[in-house]
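User: I'd like to go through this model piece by piece. Can we start with the rings and then look at the helices?

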Amino acid sequence: MKDLYGRNINYLRISVTDLCNLRCKYCTPRHGISKIKHDEILTFEEIEKITKIFVSLGVNKVRITGGEPLVRKGILSLIKKIGEIKEIKDFAITTNGILLKKYAKDLKQLGVNRVNVSLDTLDPKKYKEITRGGQIHKVFDGIEEARKVGLDPIKINTVLVGGFNDNEIENFVNLTLKDNLEIRFIELMPIGEAKEWDLDKFITNEVVLDKIKELKEIESQDICSPAKYYKLPHAKGKIGLISPITHKFCCNCNRVRLTADGKLKLCLHSNEEIDLKTLLRNGQDIEDIIIKSIQKKPKSHNLENGEYTKRNMMAIGG
Ligand code: SAM
């Protein structure tokens, strides 16, 4: 599927729930966000149906996200169905890792190739603080299990927050020396709770290169990846910098998003949504609607002019 700007849209990100077992401070209010009503959430059958339509239109990469995808009841039955779609060449999941130890083996067996784990600090106390109660040892156990069962590569997503974890950059980078990990630093975006945060919390990824002079840029194997990649000399793993604020990567954008309540989002930062769930439930032919919608994918985001999505990241999935 090509969009108006010649971009090949082959990547579907599916948020399967708006619920999460953590309350990360930049993402979620202390008491959570108002839950989407149960019957507004796509059923597994609907997700499977929509995914198959996207696949018939050329999607070959699918990521399951949330909220926290592993808290959705019966998630493995959906994973199994998606894992059986043979045209999908890259099947991944984004998780906070809290439940990964329990699920890693089944995920691998049911066709998931790889996993991205969100982890903003390596310090148990700070982890508890930023996630409002999370226990970091569960994430470490989850990563270890994912490695054991062969979910590969494991990518760690670290949102840089000024004054919180910028003093841990070196520790994160050093993790790549012995392990084939990808540590991806992500610039904090003015979405969710972070919208109200002071400017000094928003630091640019340049700080990583300023602090770690030995990092050398390497070629990315995937030109559609939002990350620019770097490596320490002799390191097994690599460092990715995802800089939506300071470096737009929209010209290579190959993705669309399906929210847990069945809306198609053509750009993470735009408020335009296509209500696939209602169309599907009304018996309409959504294939045609998807094809037409793709032509409306914006050329780029417009964050610099203050255009932010109203949805919380929990309701989109990152
Ligand atoms: N629960 C899963 C997880 O933790 O990976 C998936 C959903 S979570 C919303 C997806 C990603 O969005 C996480 O890596 C989180 O750190 C990131 N995120 C949430 N709010 C953000 C913000 N304002 N700026 C940058 N990243 C954000």
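User: Is Tyr-26 buried or exposed?

Analyst: First, a caveat: this is a predicted model, where local features need pLDDT of at least 70, side-chain atom pairs count only at pLDDT 80 or more, and totals for chains, interfaces and linings use all residues. Residues are numbered from 1 along each chain as its sequence is written, and side-chain values use heavy atoms, with hydrogens and water left out. Buried means under 20% relative accessible area, exposed over 50%, and partly exposed in between (1.4 Å probe, protein chains only). Tyr-26 has a relative accessible area of 13%, so Tyr-26 is buried.

User: What kind of aromatic pair do Tyr-26 and Trp-197 form?

Analyst: Rings of Phe, Tyr and Trp (its six-membered ring) pair if their centres lie within 6.5 Å; planes under 30 degrees apart are stacked, over 60 edge-to-face, and the rest tilted. A search of the whole structure turns up 2 such pairs. Here the centres are 6.4 Å apart and the planes of Tyr-26 and Trp-197 stand at 90°, so the pair is edge-to-face.

User: How many residues apart are Tyr-26 and Trp-197?

Analyst: Helices (H or I, at least four residues) and strands (E, at least two) are DSSP runs, numbered from the N terminus. Tyr-26 is in the loop between strand E1 (11-15) and helix H1 (44-56), and Trp-197 is in the loop between strand E6 (181-187) and helix H7 (206-211). The pair links distant parts of the chain, and the separation is 171 residues.

User: Which residue has its charged end over the ring of Trp-197?

Analyst: A charge sits over a ring if NZ of Lys or CZ of Arg is within 6 Å of the ring centre and within 35 degrees of the ring normal. Over Trp-197, the charged end sits 5.9 Å from the ring centre, and the residue is Lys-201.

User: At what angle do the axes of H3 and H5 cross?

Analyst: Axes are lines fitted to C-alpha atoms, for helices over the stretch in contact, with angles from 0 to 180 degrees between N-to-C directions. The axes of helix H3 (residues 100-109) and helix H5 (residues 136-149) come within 8 Å, and the crossing angle is roughly 20°.

User: Which residues does Glu-214 contact, leaving aside its neighbours within four places in sequence?

Analyst: Glu-214 sits in the loop between H7 and strand E7 (216-218). Glu-214 is partly exposed, at a relative accessible area of 46%. Counting contact as heavy atoms within 4.5 Å, and with those neighbours set aside, the partners are Lys-231, Leu-232 and Pro-233.
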